[in-house]
Amino acid sequence: MENRNQIAVFGLGFVGLPLALSFAMRGAKVVGVDIDTRLIQELNQGITHHLEAYQGESIQEILKTQLAFGRFEATADPTAAMEKCNSFIVTVGIPVVDGNGYMGHLESVSKTIAKGLKKGDLVVIRSTVVPGTVRSFIQPILEESGLKAGEDFFLGYASERIAEGKAFDEFENMPTLVSGVNEASAKATEKLLKIVTKAEIVIASSIEVVETSKVLENLSRDINIAMVNEFAKFTKKMGIDIFEVIKVANTHKRVNLLYPGPGVGGYCIPNAFYYLKPRADELGVGLELSAAARAINKGTPNRVAEMAVKNLQVAPKDAKICILGMAMKDYSSDDRMSPALDVIEALQSQDIEVAVYDPAIPAQHPYLADRLEDALQNAHGIIVLAKQDGIDFDKLEYFRGFMSGDKPFIIDTRNIYCKELVEGKGFVFEGL
Ligand SMILES: NC(=O)c1ccc[n+]([C@@H]2O[C@H](COP(=O)([O-])OP(=O)(O)OC[C@H]3O[C@@H](n4cnc5c(N)ncnc54)[C@H](O)[C@@H]3O)[C@@H](O)[C@H]2O)c1
């Protein structure tokens with residue numbers, strides 16, 4: 001089988017960049033292709049805002065090393081990239097807009113690849129997709145090249161299972177599912193992935209099995225989190241601590257509850273329901289449980305905002321609330337679909353001034369303060385939404401010094417604080 005170590009990775013986001021570097025680190029020549037020219041410029045200068053590391057080396061260091069070795073380069077020119085390579089990995093996603101998957105990016109990248117596709121090339125889709133997308137949507141576009149999948153070029157699908165922050169380790173050590181339009185495509189995909197993946201690679205019987213499994217993996221987490229977010233409402237009324245209840249419940253060998261939070265964010269889990277729904281509608285299958293779970297998780301940021309409003313000692317229009325951590329999960333630089341965005345919107349809709357401090361977020365927002373002290377200044381309360389390395393949550397007296405009112409509040413959605421300790425420092429405390 002042909003040597004597959006000249007690789008173009010399409011999409012250099014949270015998945016594509018560390019994936020491209022993972023191949024480069026193992027000696028492959030990798031070209032990263034993206035349409036975002038500012039991103040390309042930054043990457044070629046060795047700049048990335050991602051928070052990933054591998055064996056003690058940060059992604060920034062890895063990027064610089066691979067650029068210097070000439071094993072990785074980024075480009076917005078797909079034609080040049082495709083001429084040099086024989087394997088193409090797609091990590092361009094399907095964003096959900098108003099509850100509908102937007103296929104435009106995937107369509108455009110497929111058209112781009114179709115233009116440069118050569119006989120014998122391998123195309124591997126790693127994006128999370130609506131089940132059926134590879135065979136019914138991507139394959140026909142690739143075949144506009146005049147080449148046939150499975151005969152003239154190989155076409156495989158490998159679901160991406162990494163969690164941001166653990167990408168390098170999980171590309172290597174997470175069991176991975178693959179399939180292809182035919183056996184040769186599945187085998188070629190497996191061989192390519194083996195450059196990086198040491199864990200088991202399972203070849204499934206069809207692409208649809210792998211596509212569906214990925215969506216259900218994400219949806220199962222949405223449902224599990226909704227369940228504990230619902231349990232949290234119950235334990236709160238009972239006056240007991242949900243985190244303690246879960247900790248003791250999990251001592252049961254067959255129980256593994258997740259922990260509640262301010263909602264569910266990021267690109268993966270909240271989108272899963274909307275990826276499954278169009279196929280379920282076509283097939284006439286109701287998704288009552290999944291829909292209810294999505295609604296519970298979607299409503300949780302509002303619940304958090306209401307807790308804050310209830311604890312205000314001034315009228316909302318005169319109030320300022322400080323949010324600490326706005327990433328979609330702890331220790332992340334990703335604020336896409338973060339529950340924080342919904343909490344902020346809910347507070348602002350009541351004319352409350354919101355100031356946010358999260359040193360890991362590179363995105364620009366009018367309410368994002370450069371300094372912790374500016375976010376805290378004259379605030380009547382704090383909502384903790386995500387842990388971050390750059391925030392020392394223990395400095396309660398320091399926080400208090402900047403704040404307004406004789407009883408500011410702390411709403412802790414991350415189980416960082418002990419109620420008695422926070423109250424002892426002069427705050428009103430509320431957990432989930
Ligand atoms: N982020 C995660 O933790 C994660 C985990 C598992 C799976 N996934 C899946 O992986 C895929 C990628 O996710 P992500 O978080 O890296 O997304 P991302 O938005 O960070 O990255 C996608 C990149 O694709 C680029 N792009 C868009 N159209 C393009 C085109 N036509 N040609 C080249 N580049 C183009 C964008 O500019 C962007 O840089 C999605 O399908 C997602 O569901 C993500």
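## Basis of the model

This is a predicted model: local features need pLDDT of at least 70, side-chain atom pairs count only at pLDDT 80 or more, and totals for chains, interfaces and linings use all residues. Residues are numbered from 1 along each chain as its sequence is written, and side-chain values use heavy atoms, leaving out hydrogens and water.

## Ligand site

Polar contacts are pairs of N or O atoms within 3.5 Å. A backbone N or O atom of Thr 128 sits 2.9 Å from a ligand oxygen. For Phe 14, a backbone N or O atom is 3.0 Å from an oxygen of the ligand. Arg 336 uses its side chain: an N or O atom there is 2.8 Å from a ligand oxygen. The ligand alone exposes 830 Å², and the protein buries 90% of that (Shrake-Rupley method, 1.4 Å probe).

Helices are DSSP runs of H or I, at least four residues, and strands are E runs of at least two, numbered from the N terminus.

## C-terminal domain

An unreviewed UniProt entry places "domain: UDP-glucose/GDP-mannose dehydrogenase C-terminal" at residues 322-419. Such annotations may be inferred rather than shown by experiment. This stretch is 23% helix and 16% strand. Its end C-alpha atoms are 19 Å apart.

## Loop residue Ile 240

Ile 240 lies in the loop between helix H9 (207-238) and helix H10 (242-249). Ile 240 counts as partly exposed because its relative accessibility is 40% (buried is under 20%, exposed over 50%, partly exposed in between; 1.4 Å probe, protein chains only).

Note on methods
Polar contact = N/O pair within 3.5 Å; in protein donor to acceptor, adjacent residues only side chain to side chain.
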